[in-house]
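Open the model in a viewer and keep the selection panel at hand. The stops below are meant to be taken in order.

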Amino acid sequence: MRTATYFFIFLNLSLALFEEPAVYPLPFLATSVLEVLCLLVFLGRLTHFAKVTLHNVFWKDTKNICIVVAILLSLTDLAIYGVLRLYNVRSIRWSRIVRPIFLINFAESRQIRRAFRSIRNTLPEITYVFLLFMFSLLMFSLMALKLFGERNLQTAEGLPYFRNYLEIVFDLYVLVTTANSPDVMMPAFDFSSWYALFFIAFVIVNTYIFMSLFLAVVYNNYKKHLKVMPGGACD
């Protein structure tokens, strides 16, 4: 039963690779039939579990309620999407976001729920580090706006360079990952090589210091919650 449950959960999650929009889309009828098959298996698994569980105990378990709600939402979305397709009305499958619920809430997924609970308990404790990082990012973005915004600089594509605050925040956020390095700094560097000091300071503070601190806090708190959590606490 566990192997079959995991197989159909994997199949249900994999449908997103073949549903529109997709690189290799399958016909809607094929994906919908497979999805209905998966939902029927989930419903059968839940019904079987309800037969061997006391009625009051079954409906007090949040996991079972989540699965029932997810099945109903998926079927409702599938029916609405199918009707809209008949009338050539373009829409999206919003129920895709509920599919991971099946992976988390079945009884066989105890270890997954344990890891998920540890992540949830870790989030409040890393909020302070995240807020400090965002404050640093916003301050550096404001400095970049004051340094480069009034110098009429342009990118290699001829677009305005660092004149919109929100765009600066996004560009510097990407720079934390070094994905746009050194392209993002070249217009300023071409204007004056001294401006390289600004980007060097930004990378040192945000990439090397804050990201290392953020990773350390996440790892230590996650490990702490994973160790102290009893084996049955997530059930």
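This tour of a predicted model goes from annotated segments to a surface patch and then to the cysteines.

**Annotated segments.** Select residues 26–44, 65–84, 126–145, 165–182 and 194–219, which an unreviewed UniProt entry annotates as "transmembrane region". Such an annotation may be inferred rather than shown by experiment. Now keep residues 26–44: this stretch is 89% helix and 0% strand, and its end C-alpha atoms lie 26 Å apart. Move to residues 165–182, where the chain is 67% helix and 0% strand, with 20 Å between the end C-alpha atoms.

**Nonpolar patch.** Which helix gives the most to the patch? Colour helix α4, residues 62–86: this helix contributes 3 residues, the most to the nonpolar patch. Within helix α4, pick Val69.

**Cysteines.** Finally, show the cysteine sulfur atoms. How many disulfides does a search of the whole structure find? The search returns 0. Cys38 is in no disulfide, and the nearest cysteine sulfur, that of Cys66, is 19 Å away; a disulfide would need the two sulfur atoms within 2.5 Å. Is Cys38 buried or exposed? Cys38 has a relative accessible area of 0%, so it is buried. Cys66, by contrast, is partly exposed, at 28%.

Note on methods:
Residues numbered from 1 in each chain as written. Predicted model: local features only at pLDDT ≥ 70, side-chain atom pairs only at ≥ 80, totals over all residues. Heavy atoms only, no water. Helix = DSSP H or I, 4+ residues; strand = E, 2+ residues; numbered from the N terminus. Buried < 20%, exposed > 50% of the residue type's maximum accessible area, 1.4 Å probe, protein only.
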